[in-house]
Every structure is written in C-alpha cells, then in structure tokens.
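Dear colleague,

Please find below the structure for your review. My findings follow directly after it.

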Amino acid sequence: MQNHSQQYKAQLEEKTHRLASLLARFDSPPLSVFSSEETGYRMRAEFRVWHDGDDLYHIMFNSETKEKYRVDEFPPASATINAVMEALMETIRPQPVLRKKLFQIDYLTGLSGELVISLLYHRQLDDEWESTAAALRETLSKRFGTVNIIGRARKQKKILGYDFIIESLPVNNREFQFKHIENSFTQPNAKVNCKMIEWALSVCESSEGDLLEMYCGAGNFSLPLASRFRRVIGTEIAKPSVQAAQFNIDINNIENVDIVRLSAEEFTEALKTGRTFSRLNGIDLSRYNFTTVLVDPPRAGLDDASLKMIQDYDDIIYISCNPDTLAANLQVLTQTHRVEATALFDQFPFTHHIEAGVKLVRKTNV
C-alpha cells in the first residue's frame, strides 16, 4: 500500500501526464512543474458544525458517499487553522449564546499567521452574542496572535476586529503584503501561489511596454509584475477587490499600477473607441502601450469575445484552473500566437484539480 508521500508523487505524475497530453497538440515546450507541500498548505477552510447533545464539533462530508464525519484536525489546512480549531470548540461548547444555531465555521489565514474566523448562524445575533464573541476573540488572540471574529446571520454581519487579514507573500526575496478579505476569492495555497507569481515574473523577463491584467482581483499578479513593466493597469468589477487592490498598492509602495473598476469589455471599449468612463479616474489610455495581457478566468474559460480581445496583444499570460477549457481556448489563441512556456501549479494536492500557466507570443507570420 502506498504511503502518503508515494501517493502524492504518483498523483502529481498523473496530473503532469494529463496536462502535457492536452498541451502536446499545440507544440508546447516541456512543462515546468511546481509541487505543493503535502500537509498544511490550505489557507482557507470551511466546516459545517454538528450538535450532538452537549458535544459540538466540525464535520465534513464524504464526496462519494455524502456521509458526514467528525473533523477535529484537518491536515491539509495550515498550522494556524489546525491550532485554533479545537481551542475554538472548547470555548464555544459550554456557552449557549455562541453555540445556539451555529451551523458553519469558516477560517481564513495566511503565511502571516493572522486569522479571521467566521461563525454562521440560523438566528439573529444580539448584543449578548457580540459581547460574548468579543471575549472569545480576546481569549483566542492571547493564545494564537491576531484573531478576528465575524458573526453572520440573515442580513447581518458583525465584525469583531477586522473582516480581513494582511498576508505577507515572499516572492523572489521580496515580501509583498496583501489585504485578503473574508468571503472574497484568494488563492488557497499560499506557497504555490508564490511559485505562480514567480513563474509569471520569469516569463516576462524580456518584456517591454505596459501590462493589462483582466479580472485582477486584489492585485495578486499585478503588483509583483509591476517590476517587469513600465506601467500596469488591472481591471476588476468587484468593488471590495478594487478597494483591497488600492490598499495593496499603497502598502507596498508601488507607483506604476492603476486598478480600474471596469469590466474587461468596458475597458476594451474605452481603449479602442476612446469612450470615457468616470471610473477611469482621469487615466489617459492613449499614453499606454499595452504589449502584454494576463488573464486568470473562471473554470468556464474565456468566451469568444474575450478570446478575440486578448489576441490583440503581442504576449498573453493565461492562468487556468481548468485544463479542458484552457485547451479549447488555445485552439483559438494558437491561430495567432505560439506557446512559449507552460507550467503546472499543484494548488490542490490529493485532488484531480490542476492549475496551469501558459505564455503565448504572437507569431511573426500572422
């Protein structure tokens, strides 16, 4: 029987073969493969809560049988999450005001060690809950450092501390700080995320001109990549992410990045037709020379309009969480561009999920 490490190695080899096979039809160079740690890699975790008489504990559900099982520790989660899980339950169990109709607990942390714990309820939260939760936060913070508590119920969100952490990511011997907001998307595997950013930096070493990042979130790629380009613009439609990105620009003292709250379609319209949007904040797009575009689309990949849009750029960096839709999109993109570099980032070890990176450059004969 395979041990844990053998199982991980075999599964990573299978993923590598699967992705390489999908990319082979595009004359792709050999994959760069970035492995994950086998435990302690997840910076986010969500658990349902099971009430069993006086007992109370985290549960998860078997993906195949749908049967619930008790979870007192969760090896994929970070050391911070594992350290606090049982201490949290020990504190909540004897306190009716905290445990009553509690049905889910979410954890968000980072390499920085800061932590947000979200407690989700099927009841309204009152002043008694808030004062008791404040005492809980103080107890946990004394043991584990910076801990923030959020209480969520229907049309309610009570924040004890902050609803975000400040993450610190080491990228090529420089520390980047990022605000990660509770209930917003962040890369779950922080160390593999650093490898993704470093790979993106490596394939842009000879880049010139300006970078456009579509769907940039809080600037996970935009900010580190600013060192490779004259100027960077990131587009994002989610207001909290735009605000976080601006915070991240300021805290990292980066002066050549702008984040605009526009859809990719709106931005392209402004770029091509000169249409003005108040949300461009006075940015003069005619002063930019966009040579490179970075996209990190959802699992469905890019639609036809978006594919046509990014073919206008000399260089394309495509980060994908779905190799099948990536391959479908590459059938279009390789009509005008060639694949220069490929990578596999094992964001989700011990699952079938694959995160991939592809760098494309415009063909000279097109």
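In what order do the eight strands of the open sheet stand? The order is β1-β16-β17-β15-β14-β11-β12-β13, and the pairing is mixed. Strands (E, at least two residues) and helices (H or I, at least four residues) are DSSP runs numbered from the N terminus, and two strands pair if DSSP finds at least two bridges between them.

The model is predicted: local features need pLDDT of at least 70, side-chain atom pairs count only at pLDDT 80 or more, and totals for chains, interfaces and linings use all residues. Residues are numbered from 1 along each chain as its sequence is written, and side-chain values use heavy atoms, with hydrogens and water left out.

Strands β11 (residues 210-214) and β12 (residues 232-235) pair in the parallel sense over three bridges; L212 stands opposite I233 in β12.

**The helices**

Helix α5 (residues 190-202) lies across β1, β15 (315-320), β16 (337-345) and β17 (355-362), and runs at about 160° to β16. Axes are lines fitted to C-alpha atoms, for helices over the stretch in contact, with angles from 0 to 180 degrees between N-to-C directions.

Helices α2 (residues 79-92) and α4 (residues 127-144) pack at about 145°, their axes 11 Å apart. Their contact (heavy atoms within 4.5 Å) is made by A83, V84, A87, L88 and T91 of α2 together with L136, L140, R143 and F144 of α4.

Yours sincerely
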